Amino acid sequence: MDLAVLAGGIMIAFGALAAGIGNGILFSRYLEGIARQPEARGTLFGQGMITLGLVEALPIISIAFGLLVLFGIIGG
Amino acid sequence: METTPKIEFLGLTFDVTVMIGTLVTAILVLIIVLLTSRGRNLRPKGAQNFFEMVVEFIQGVTNMMLDSKRAAKYVGFAVTIFLFVFIGNELGVILMITAHATGPMPSLGLTKDVLDAADNSVSWFKSPTSDINVTVAMAGAIFFFSHFMGIRKSPRDYLNHYVQPYFWMLPLHLIDELAKPVTHAARLWANIFAGEVLIIILREGMWYLTGIPLIAWIGFSLFVGAIQAYIFTVLAMVYISQKIADEH
């Protein structure tokens, strides 16, 4: 088997794993915040979405490089 | 994976698709700004109302980071970044043009080998922000601008900041400063690039991929594009404000 396919697959898999853990923690805290203070839903949603963008960055960078490796554009 | 037409000039490679994308985005931003600021009224309505909303939204970002006197100077800069990145992101999702090449075009760098490797599909329009050179250029410009402003404000404070609170923390500060433009550029590029590649994969996949999954992913891409444009602007203002903020 072509090793680049394996490498790309591993990078995408770990990116997805990390994003899953990060978003899970983020939104569990978001829901806890709403449960404690339902009137803060609006501000929490905005802040949560900004944090979502920050948290998603490193996994998605890993996935983008994984896709580049997978299609043999770099590191072939 | 599709390829792009390229021009060799003075030993550098220029990507025609990226140039078209950047140009179209810039012209579109210019048209939108000109149309919405035409015939300004004290009592805004319609398009002017909408554009004032955008500017006030960005004013909220700059006021969050800087005091109101200094924030006013950076609102124009932040609105420019936001509009360019936002329209660039959304344009690539809505308007992605891929042509099927029938013959090689050596003047555009589309030789037979290149076309065979890309299954004859040539991209003519995509997000300018899905090319890493564009985002690195933008993040690099913000990096140099923020350091320039920091040095201009007070060279002593600027140099002193690197050895705070202890001298041995200098390497940490240097890594921190270098990581900022790299992650700033890679964050935007990776989000848009991964989104576009998945659209291409879904578009060319089996029938069960081109239906609801493609529509759902396009919707998510529009959302991600808006979020990333906002985050790019916020981070640009954070990096600038860190350099010009008063000591407290």
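Exposed stands for a relative accessible area over 50%, buried for one under 20%, and partly exposed for values in between, with a 1.4 Å probe and protein chains only. Helices (H or I, at least four residues) and strands (E, at least two) are DSSP runs, numbered from the N terminus. The model is predicted, and local features need pLDDT of at least 70, side-chain atom pairs count only at pLDDT 80 or more, while totals for chains, interfaces and linings use all residues. Residues are numbered from 1 along each chain as its sequence is written, chains are lettered from A and ligands numbered from 1 in the order in which they are written, and side-chain values use heavy atoms, with hydrogens and water left out.

On the buried side of helix 2 of chain B are B:Gln48, B:Phe51, B:Val54, B:Ile58, B:Val61 and B:Thr62. Viewed down the helix axis, these buried residues fall within an arc of 140°, so they line one face of helix 2 of chain B; the arc is that of the directions from the axis to the C-beta atoms. An α-helix has 3.6 residues a turn, so residues three or four places apart point the same way. The partners against which the buried residues of helix 2 pack are helix 1 (16-36), helix 3 (68-94) and helix 9 (212-244) of chain B, where contact means heavy atoms within 4.5 Å. Helix 2 of chain B covers residues 47-65, and at 1.5 Å a residue its 19 residues should span 27 Å, which agrees with the 28 Å between its end C-alpha atoms. The expected span is 1.5 Å times one less than the number of residues.

A nonpolar core is a set of buried Ala, Val, Leu, Ile, Met, Phe, Trp, Tyr and Cys residues joined through side-chain atoms within 4.5 Å. The largest such core has 41 residues, and B:Tyr74, B:Val85, B:Met138 and B:Phe232 have the most contacts inside it. Two or more residues of this core come from each of helix 2 (41-70) of chain A and helix 1, helix 2, helix 3, helix 5 (132-153), helix 7 (170-203) and helix 9 of chain B. Helix 9 of chain B supplies the largest share, 13 residues. Leaving aside residues up to four places away in sequence, B:Met138 touches B:Phe84, B:Val85, B:Leu188 and B:Phe232. A second, separate core has twelve residues, among them A:Ile60, A:Leu67, B:Ala186 and B:Phe193.

A:Leu67 belongs to helix 2 of chain A and is buried, with a relative accessible area of 7%. Beyond residues up to four places away in sequence, A:Leu67 touches A:Ile12 as well as B:Phe193, B:Ala194 and B:Val197.

Chain A contains two helices and zero strands. The radius of gyration of chain A is 17 Å, well over the 11 Å that the globule rule gives for 76 residues, so the chain is more spread out than a compact globule. This radius is taken over C-alpha atoms, and the rule is 2.2 Å times the number of residues to the power 0.38. The C-alpha trace of chain A spans about 55 × 15 × 10 Å along its principal axes, and 34% of its 76 residues count as buried. In an unreviewed entry, UniProt places the feature "transmembrane region" at residues 6-28 and 49-74 of chain A; UniProt positions follow the numbering used here, feature names are shortened, and annotations may be inferred rather than shown by experiment. Residues 6-28 of chain A are 100% helix, with end C-alpha atoms 33 Å apart, and residues 49-74 are 85% helix, with ends 32 Å apart.

Chain B has nine helices and four strands. Of its 248 residues, 44% count as buried, and its C-alpha atoms fill a box of roughly 65 × 55 × 40 Å along the principal axes.
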